[in-house]
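Colleague: I would like to go through this model with you. Please give me the value and the rule behind each label.

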Amino acid sequence: MMEDDDLSAGPDLISISSASKDDAVEIALVFRQSFRAALPYLPELHTPDEDLQFFSENVLVNNEVFVAKNAEKRIVGFIAFDDQWVHHLYLLPENLRKRIGEQLLNIAKEKRSRLHLWAFQKNERARRFYEKHGFVAVKFTDGADNEEKEPDVLMEWSK
């Protein structure tokens with residue numbers, strides 16, 4: 001998929017493009033809203049300001065980041081990945097099941113020959129999504145090494 005392609009996603013027209021530093025505020029908001037909706041059982045470990053700082057100073061600096069914007073040019077989802085890892089793929093809850101996540105994930109898959117990611121074991125929706133798109137579980141943990149202390153699964157995809 002090319003960077004500024006438009007795609008149909010239900011009744012809305014969605015555009016996908018590379019993120020810029022100016023997108024940090026909206027990206028952090030999408031992350032927070034999506035995380036809370038999808039993973040309400042996890043502790044809230046960071047403030048909104050800490051999220052913004054993390055996305056501004058870490059994610060947008062050290063990753064390729066693509067955003068999905070609706071017809072009103074608001075960010076409704078994003079993906080952040082590096083040479084080997086998908087670090088973030090989040091959508092606003094009302095934008096699930098519209099193939100936006102698939103389009104974002106396909107960008108990373110087109111640019112890389114192998115990808116890894118972590119998902120929480122309890123996040124069955126995410127696990128099913130990634131499995132549908134060719135990722136396989138390669139390791140299960142008790143969560144001792146993640147910040148949330150929640151059991152997770154390492155997933156891997158290769159061309």
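Colleague: How far apart are the mean positions of the positive and negative charges of the protein chain?

Modeller: They are 5 Å apart, for 21 positive and 29 negative charges. Lys and Arg count as positive, Asp and Glu as negative, while His and the chain ends are not counted. Each charge is placed at NZ of Lys, CZ of Arg, CG of Asp or CD of Glu.

Colleague: What should I know about the source?

Modeller: This is a predicted model, so local features need pLDDT of at least 70, side-chain atom pairs count only at pLDDT 80 or more, and totals for chains, interfaces and linings use all residues. Residues are numbered from 1 along each chain as its sequence is written, and side-chain values use heavy atoms, with hydrogens and water left out.

Colleague: What is the pattern along the sequence?

Modeller: It reads β-β-α-α-β-β-β-α-β-α-β-β. That gives four helices and eight strands. Both are DSSP runs numbered from the N terminus: helices are H or I with at least four residues, strands are E with at least two.

Colleague: Why is the protein chain called as compact as a globular protein of that length?

Modeller: Its radius of gyration is 15 Å, close to the 15 Å that the globule rule gives for 159 residues, so the label holds. The radius is taken over C-alpha atoms, and the rule is 2.2 Å times the number of residues to the power 0.38.

Colleague: What makes Lys69 and Asp23 a salt bridge?

Modeller: Their closest N and O atoms are 3.7 Å apart. A salt bridge needs a side-chain nitrogen of Lys or Arg within 4 Å of a carboxyl oxygen of Asp or Glu, so the pair qualifies. Lys69 lies in strand β3 and Asp23 in the loop between β2 and α1, so the pair ties together parts 46 residues apart in sequence.

Colleague: Are Lys69 and Asp23 buried or exposed?

Modeller: Buried means under 20% relative accessible area, exposed over 50%, partly exposed in between (1.4 Å probe, protein chains only). Lys69 has 18%, so Lys69 is buried. Asp23 has 7%, so Asp23 is buried too.

Colleague: Which side chain does Glu26 meet in a salt bridge?

Modeller: Arg74, at 3.4 Å from N to O. Glu26 lies in helix α1 and Arg74 in the loop between β3 and β4, so the pair ties together parts 48 residues apart in sequence. Glu26 is buried at 17%. Arg74, at 45%, is partly exposed.

Colleague: Which residues are linked in a network of salt bridges?

Modeller: Arg32, Arg36, Glu44 and Asp51.
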